[in-house]
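Me: I would like to learn how to read a protein model step by step. Could you take me through one, giving the general idea before the particular case?

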Amino acid sequence: MPALELHELRKIYATGVEALKGVTLSVQPGDFFALLGPNGAGKSTLIGIVSSLVNASSGEVRVFGVDLHAQRAAAMRMIGLVPQEMNFNLFEKPFDILVNYAGFYGIPRAEAIVCAEQELKRAQLWDKAQTMSRNLSGGMKRRLMIARAMMTRPRLLILDEPTAGVDIEIRRGMWRTLREVNAAGTTVILTTHYLEEAESLCRNLAIIDGGRIIEQGPMKALLAKLDVEGFVLDIDGPLPDRLPEIEGVMLVAEDGHTLDLEMPRAMDLNRVFATLDAAGIRVRSMRTKSNRLEELFVRLTGNREAAA
Ligand SMILES: Nc1ncnc2c1ncn2[C@@H]1O[C@H](COP(=O)(O)OP(=O)(O)OP(=O)(O)O)[C@@H](O)[C@H]1O
Ligand SMILES: [Mg+2]
């Protein structure tokens, strides 16, 4: 039984914006799943619906087989949410935030106190347990939100850009925490802009753009699809009107002195250079294009900024 199952999920906001245009998706129990997409793709809307913060216009959501619409409370008990925006009281202390949150979910206070200590320690926030939350750093605040979500021992942990704006060291620490959580059996779904993050953490992913899933599957399979390599060549002198044709190679003039080259990974670069040379094209320098997942992302979403 999937941990999360979405069927033909649609959302039209009151403003008329169609944020989700029929999303069907299935996440297996124990998975570490990334939902990737450019700004405005519909990621937060999707997560908002699953966590009951947003009402779907139509479609179905099942959490471990429980229909969200028919049995909201039962479905919600299995979910832990780390929202994109900070949403705890900055004038409360981390320890109280966790204990009160558990109380809200009906967990007895004595149990919550034990659990809060565990989670704060795991989040490396135990020394800040009695500090006013306002005084925590950005990374600490994010870790606090993860610790809070774990208080109910969710079977499905959903994080909306958990590492946005967090420096690389803290981010790595959070990855470690999330890997531990996942290894202990919790299904994890996260959205992220950091493709490196998805590549390093997730086994499966879906790419969403304009309210539609445009690609989904195992990370490895998606990357394998991309068995091409991209280069940017700086050219000395003007380019000829007609570029030479090389079988299996895509050659595009970006401007008067830059060529975009895409070729199968196994192909010999010398052959390409020999052909360019014969056509009077002198390559002054070359660099490889951005990482593979980024390439895939850019290609699928047509979002050039993502590669920048
Ligand atoms: N409360 C709302 N009312 C009206 N439109 C909204 C609302 N929330 C989101 N939208 C619109 O729905 C679309 C999807 O937004 P959403 O926040 O789901 O995107 P996202 O993928 O999470 O983007 P980001 O990466 O920037 O967080 C956008 O066009 C957005 O402007
Ligand atoms: Mg969002």
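Predicted model: local features only at pLDDT ≥ 70, side-chain atom pairs only at ≥ 80, totals over all residues.

Me: Is Glu245 buried or exposed?

Reply: Glu245 is exposed, because 9 other C-beta atoms lie within 10 Å of its own, and 12 or fewer is the cut-off for exposed. This residue is found in the loop between strand 11 (228–236) and strand 12 (250–255), and its C-alpha atom is separated by 45 Å from that of Val166, which is 79 residues away along the chain.

Me: How should I read the chain as a whole?

Reply: The protein chain has 10 helices and 14 strands, and of its 308 residues 36% count as buried. The C-alpha trace spans about 80 × 45 × 35 Å along its principal axes. The chain is divided into domain 1 (4–218) and domain 2 (226–307), and 40 Å separate the centres of these domains, taken over C-alpha atoms.

Me: Which residues touch the most other members of the largest nonpolar core?

Reply: The general idea is that in soluble globular proteins, nonpolar side chains tend to be buried together. Here the largest nonpolar core has 67 residues, and Leu98, Ile158, Ile189 and Leu205 touch the most other members. Helix 5 (residues 138–150) gives the largest share of this core, 6 residues. Apart from it lies another core, of 8 residues, including Ile235, Leu259, Met263 and Val272. To return to Ile158, if we leave aside its neighbours within four places in sequence, this residue is in contact with Ile47, Val50, Ser51, Ile79, Leu81 and Ile189.

Me: What covers the buried residues of helix 5?

Reply: When reading a helix, one can look first at its span and then at its surroundings. Helix 5 has 13 residues and reaches 19 Å from its first C-alpha to its last, close to the 18 Å expected at 1.5 Å a residue. Among its buried residues are Arg142, Arg143, Leu144 and Met145, and the cover over the buried residues of this helix includes strand 6 (79–82), helix 3 (94–104), helix 4 (109–122), strand 7 (156–160) and helix 6 (168–183).

Me: How many residues surround ligand 1, and which are the closest?

Reply: A ligand is read through the shell of residues around it. For ligand 1 that shell holds 13 residues, and the closest are Tyr13, Ala19, Lys43, Ser44 and Thr45. By class, the shell has 4 nonpolar, 8 polar and 1 charged residues, and its largest share, 3 residues, comes from helix 1 (residues 43–50).

How values were computed: Residues numbered from 1 in each chain as written. Chains lettered and ligands numbered in written order. Core = buried A, V, L, I, M, F, W, Y, C linked by C-beta atoms within 7 Å. Buried ≥ 20, exposed ≤ 12 C-beta atoms within 10 Å, placed from the backbone. Helix = DSSP H or I, 4+ residues; strand = E, 2+ residues; numbered from the N terminus. Contact = placed C-beta atoms within 7 Å. Near = placed C-beta within 6 Å. Nonpolar A, V, L, I, M, F, W, Y, C, P; charged D, E, K, R; others polar. Expected span 1.5 Å × (residues − 1). Domains from an automatic or database assignment.
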